[in-house]
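Trainee: I have a model open on my screen and would like to talk it through. Could you help me read it?

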Amino acid sequence: MKKRLHNSRRGRALLYALLLVVVILVSSTAGFYRILPQQAILERAEEQGIETLEPVMWIRGENPIGTGPARLTLSVGERTLFFCPVKFYLWGGWSTGAWGIVETWEGEDPYFGVWQHVKTSATYVFGQVDDPAVKTLTIHARADNGTTWSQEVAPDWQEKDGERYFITELKNAPLDWAYSVTAGDGNTVEIEDVFCWW
């Protein structure tokens, strides 16, 4: 009798697990549940008016709302770089939250963007530099009162279709200052908008 009851419980547990998988797959297909991080990224990109987007790299970082780690992603579209954190939540699957930023440019490299979050004091620089001779970058920040800050970084470059991309975290970077990036070849690019989330 005990053996039959044990098998019955195990059978019900397997049935419930199978039903859960079916519900998740159907919900994912219908767009209610994002089982893959790419679904969340594409959904956010569509809201921003980007039609085609392909991820080029992921790194681990801190979730902006302070609930543990998240994946920070850099995706590329036609003359578009899209940077956003993406995190998995049991109740809705993968989500980008409201913290994605879109950078567009004329398609000429180098190109850079800065994303900051005040609550976690996180600062990330991302961009595209196609010149393989460029190995390091110097990030500069300038306050309105003339105070300056800089940090040299050697990013982990990710190559895709002959183009090189990177995301790198800056340590102790000042928040909401004007930023510029000097590549190893001496070329300096001013970053027009620093996206600072409060």
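This is a predicted model: local features need pLDDT of at least 70, side-chain atom pairs count only at pLDDT 80 or more; totals for chains, interfaces and linings use all residues.

Trainee: Which residue in the hairpin of β10 and β11 takes a positive phi?

Mentor: That hairpin has 2 residues between the strands. One of the hairpin's residues has a positive phi near 55 degrees, and that residue is D161.

Trainee: How many of the 8 residues of strand β11 are buried?

Mentor: Here the cut-off matters, since buried means under 20% relative accessible area. Strand β11 spans residues 163–170 and is largely enclosed by the rest of the structure. β11 also pairs with β7 in the antiparallel sense over 6 bridges, with T123 opposite L170. The number of buried residues in β11 is 6.

Trainee: Is V129 buried or exposed?

Mentor: V129 sits in the loop between β7 and β8. Its C-alpha atom is 8.5 Å from that of F112, and the two residues are 17 apart along the chain. The relative accessibility of V129 is 2%, so V129 counts as buried.

Trainee: Now the aromatics. How many aromatic pairs does a search of the whole structure find, and what kind of pair do W157 and F166 make?

Mentor: The search of the whole structure finds 7 aromatic pairs. For W157 and F166, the ring centres are 5.3 Å apart and the planes meet at 65 degrees. Planes over 60 degrees apart count as edge-to-face, so the pair of W157 and F166 is edge-to-face.

Trainee: Which charged residue lies over the face of W157?

Mentor: W157 is buried, as is F166. Over at W58, the charged end of R71 sits over the ring, 5.0 Å from the centre. For W157, the distance to the ring centre is 4.0 Å, and the residue is R164.

Trainee: Which residues do ring pairs link into a cluster?

Mentor: A cluster is built up through ring pairs. Its members are F83, W115, Y124 and F126.

Trainee: Which strands stand at the edges of the open sheet of 4 strands?

Mentor: The order in this sheet is β9-β8-β12-β13, with antiparallel pairing. A strand at the edge has a single partner, so one side of it is left without a neighbour in the sheet.

Trainee: What is the bridge partner of L137 in β9?

Mentor: Strand β8, residues 137–142, is joined to β9 by 6 bridges. These two strands run antiparallel. In β9, the partner of L137 is V153.

Trainee: Last one, on α2: what arc do its buried residues P37, A40, I41, R44 and A45 cover around the axis?

Mentor: Helix α2 runs over residues 37–47, and P37, A40, I41, R44 and A45 are buried in it. They lie on the same side of α2, because the arc they cover is only 130 degrees.

Methods
Residues are numbered from 1 along each chain as its sequence is written. Side-chain values use heavy atoms; hydrogens and water are left out. Rings of Phe, Tyr and Trp (its six-membered ring) pair if their centres lie within 6.5 Å; planes under 30 degrees apart count as stacked, over 60 as edge-to-face and the rest as tilted. Buried means under 20% relative accessible area, exposed over 50%, partly exposed in between (1.4 Å probe, protein chains only). A charge sits over a ring if NZ of Lys or CZ of Arg is within 6 Å of the ring centre and within 35 degrees of the ring normal. Two strands pair if DSSP finds at least two bridges between them. The arc is that of the directions from the helix axis to the C-beta atoms.
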